[in-house]
Amino acid sequence: MNKYDEELQRNIENGLTPTGEASDARIYRTLFKSLSKPPVVNIPLNFADHVVAKVNEQQAQRSSRVFVWHGVGIVMLLLAAVVGFVYSGIKVDTSNFKQLAGIAGLVVFSIVFCGILNIIDRKVVAGKLESQW
């Protein structure tokens, strides 16, 4: 607010005749009169419930759209990879994968171990974070 507005407001609040344009003083008087009355609000008692339901509905719609677009993106990525692989003319030598057959147990153990760590993380770390909030 500039000095003119501050002085005009101070004069009106103190009941003095304001200096400056009459239209500005009239606007300030109207504003102060409106602000002196309590607002008239007639909202239903379950208004907050309606707002929360609407927000939840919008979030559900958004999450479903995000899920669909992620799926479309993954399919397009795989399609582009297959097309690129076919048109590149690369020959695949599967003899390298025969060496991986001996470590199948290690791969299974790694997957199970990562799953267990994930479960522990959700129970322990997430519980500590919730207690901080």
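Me: What percentage of the 133 residues of the chain count as buried?

Reply: This is a predicted model, in which local features need pLDDT of at least 70, side-chain atom pairs count only at pLDDT 80 or more, and totals for chains, interfaces and linings use all residues. Residues are numbered from 1 along each chain as its sequence is written, and side-chain values use heavy atoms, with hydrogens and water left out. Buried means under 20% relative accessible area, exposed over 50%, and partly exposed in between (1.4 Å probe, protein chains only). Of the 133 residues, the share that counts as buried is 5%.

Me: Which element of the chain has the highest mean pLDDT?

Reply: The pLDDT is the predictor's confidence in each residue, from 0 to 100. The chain averages 81, and 87% of the residues score at least 70. Among the elements, the lowest mean is 74, for α1, and the highest is 89, for α3.

Me: How many helices and how many strands are in the chain?

Reply: Helices (H or I, at least four residues) and strands (E, at least two) are DSSP runs, numbered from the N terminus. From the N terminus on, the elements run α-α-α-α. The chain therefore has zero strands and four helices.

Me: Which residues of helix α1 are buried, and where do they lie around the axis?

Reply: In α1, residues 3–13, the buried residues are Leu8, Asn11 and Ile12. They cover an arc of only 95° around the axis (taken from the directions from the helix axis to the C-beta atoms), which puts them on the same side of α1. On the other side of α1, the exposed residues are Lys3 and Glu13, with a relative accessibility of 51% for Glu13. The buried residues are thus Leu8, Asn11 and Ile12, on the same side of α1.

Me: Is the pair of Phe109 and Phe113 stacked or edge-to-face?

Reply: Rings of Phe, Tyr and Trp (its six-membered ring) pair if their centres lie within 6.5 Å; planes under 30 degrees apart count as stacked, over 60 as edge-to-face and the rest as tilted. By this rule the count is one aromatic pair. Phe109 and Phe113 have ring centres 5.7 Å apart and planes at 20°, so the pair is stacked.
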